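Thanks for coming. I will go through one structure and keep to what can be read from it.

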Amino acid sequence: MGPIEQQLRQFVINNFLFGQGGDQLSNHDSFLEKGIVDSTGVLELVAFLEDQYRIKIEDEELIPANLDSIDSLIRFIEKKAQRTP
Amino acid sequence: MCGIAGVLNNKGERIGPDLLHRMIRMIRYRGPDDRNVFTEGPIGLAHARLSIIDLAGGRQPMHNEDKSLWITFNGEIFNYVELRKELEGKGHRFSSQSDTEVLLHLYEEKGEDCVHDLNGQWAFAIWNAKTHKLFLSRDRLGVRPLFYAITDHAFIFGSEIKAVLTHPDVRREINLRALDQIFTFWYSLPPETIFKGVQELPPGHSMVVEDGKVQIRQYWKLGYQQHSGLITERDYADQLLELLVDATRLRLRSDVPVGAYLSGGLDSTVITALIKRFTDTPLKTFSVTFDDPEFDESAHQKEVIHFLGTDHQEVRCTHQDIGRIFPEVVWHMEKPVLRTAPAPLYLLSRLVRENGYKVVLTGEGSDEMLGGYDIFKETKIRRFWGNQPNSRIRPLLLKRLYPYLPNLQTQSDAYLQAFFHVKSEDRSDPFFSHLPRWGLTGRIKMFFSDDVKARLKSYDAYAEMKKHLPVEYSDWDGFSQAQYLEAAHLLPGYILSSQGDRVAMAHSVEGRFPFLDYRVVEFASKIPPHLKMKVLNEKYILKQAVGKLIPVSIKKRPKQPYRAPEAQSFIGGATQPSRNDYVEELLSKDRIQKDGIFNSEAVLKLTKKIKGGQVIGIKDNMALVGILSTQLVVDQFIKNFDRRSVHGAD
């Protein structure tokens, strides 16, 4: 498990699942389908990503395609990192 | 308004008065003016009286002329004057001026069908000493509470659960099914209560206890009709106003002065304006204001006070107040809740009592009957959006609907679509209107302990709710279905109980609700949905009905739901320590583990998150309030009930 994946899993499990059921969370599980995030949750997630990875997330990037699973988050962060000079 | 309790021994054994005295003492705040007990053979009835009508002559339990019928009654029969005239015409003779005696004679005349003639709010029990039959009834909409327990030897009832739990044969154990319901819908579904051994008589039901057998019968139910369209919009508005005027007139019948709650919103302003029609003296009004501007409505309240010229009193509520009084509020509500909103209303009823008032009229029921809640608007928008799922414009309406929820404003369409369940398969769901709310609420069940989760594994609260739907439900339009869920369940299960009767009666204050006059309710059920909410203008027909009776600005004001500060009332942020010792204790790892309902690690992480000062969403707020109130129920009713009973015995 890479460090980003580990950090993301830890954040999601602690912050949204309050430590429960982490072993059952797969990297491709949809946060929406599993009811893991609500409207505040999306903003919590964004605040964490901006803070942890020093990236700036634009409003138009706030879509499930970028933020709805551990896998999509990893892809999104890596894409953002490539764009950062 | 009063408190009632009673025991019927089904083995024919004699009931002693001591037990009845103990039971009624537990709820003595419901009726501090007088307290009496009647026992005869297997029956015992108890009554705590709040004197409002016939101050000198309405003592209870009351009997008829030959002492064959005995009644203990909590509530008001507002049309008792008219009923008395009818009964006198049929030869009945009265010895008091009270509505209780009218009810007793009406029962003599009509038996169990007497409830159809009543316009009021009631919970009562009538004992027939000749037939050894006990008849109990609760009002149509559940304004007044009535709980009971059935043991091997007895039928036990009371206005509040704590009176029933005082009986030594009633066990005190948490009902996990009811907990699951509360953590899904915000309320439990009658007859279930949060206590395994105690049941609730549903609104609109009566029951007969005879020879150890219990029969329950529904005598009235909410319904929504196909709309004929035969009368015009103006006719609907005029008829609604006429009914509201009469409903208010009847609810001013009292031998003590009557005041009114004033929130600054449309409904309480309408009621206050209608009361002004019947009185020349300055009307006393009461409101709650908040330190936190996010919840405060005092600017609107001031406008109404000025417009209507009322003599106004207000109580200011802080986060600390809510944290401090919450244990006492839970003691009165007798169930877990997911919002703190009942707490400020507890302070408000205390203010009323301190001003020497016992009776207030309020605007409760208007949102349910006339289409005021945001959930109705939300449902309409969701259906509208669902017709064109790719629309970029339609989801913007959801953002406009919730200006007070800043987290929603930055969401993309895709997220809004997911949060608000605008999927084609959801549109045919019988609970379409409530899927977002119940789905979000149900997530907090993740905090249940492994043991509780295992015991609830095969339980499905939605399936349970489906069993409670009337057969006609599927024939109703979506707006009426949403109205039904709010009016038949949220109203009695939360609004009229936790935010109504229980916190008002804690300070011996009786609420009266003109919008819940059954004539208003039945008429409202015939108003076409498009007149209740015209496009997205909520309570449109009410606004048309009241015309210039209220300030234009109040009519035009977007609805602001009544809310109160939540998590921050109990747990300070990073810079502030926790404010209340009981919160630390009840949410401690050790205590959570001992009580066994919640997962201690998860609760610890939740409190840590709140203490960290992050923005806390609706779900986390509900989780904290739900966990804390459940822990308070366990602490006060399961573990330390005997200690509280001692306090109850004055």
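Start with a term: two strands pair if DSSP finds at least two bridges between them. Helices are DSSP runs of H or I with at least four residues, strands are runs of E with at least two, and both are numbered from the N terminus. With that, take strand β2 (residues 34-40) of chain B and strand β3 (residues 43-49) of chain B, which run antiparallel and are joined by seven bridges. Within this pair, Thr39(B) stands opposite Gly44(B) in β3(B). The two strands form a hairpin with two residues between them, and Gly41(B) in the turn has a positive phi of about 60 degrees.

A word on what you are looking at. This is a predicted model, in which local features need pLDDT of at least 70 and side-chain atom pairs count only at pLDDT 80 or more, while totals for chains, interfaces and linings use all residues. Residues are numbered from 1 along each chain as its sequence is written, and chains are lettered from A and ligands numbered from 1 in the order in which they are written.

Next, a helix pair. The axes of α12 (residues 374-387) of chain B and α19 (residues 478-495) of chain B come within 10 Å and cross at roughly 150 degrees. Axes here are lines fitted to C-alpha atoms, for helices over the stretch in contact, and angles run from 0 to 180 degrees between N-to-C directions. That crossing makes α12(B) roughly antiparallel to α19(B), a label used for angles over 145 degrees. Which residues of the two helices make the contact? From α12(B) they are Ile375(B), Phe376(B), Thr379(B) and Arg383(B); from α19(B) they are Gly478(B), Phe479(B), Ala482(B), Gln483(B) and Glu486(B). Contact means that the C-beta atoms, placed from the backbone, lie within 7 Å. By class, the residues of this contact divide into four nonpolar, three polar and two charged. Ala, Val, Leu, Ile, Met, Phe, Trp, Tyr, Cys and Pro count as nonpolar, Asp, Glu, Lys and Arg as charged, and the others, Gly among them, as polar.

Last, the two chains. How many residues of chain A are in contact with chain B? There are 19, and they meet 25 residues of chain B. On the chain A side, α1 (3-15) and α2 (39-53) are the elements that give two or more residues. α2(A) gives the most, with six residues. The chain A side divides into eight nonpolar, eight polar and three charged residues.

Methods
Parallel < 35°, antiparallel > 145°, perpendicular 65-115°, else oblique.
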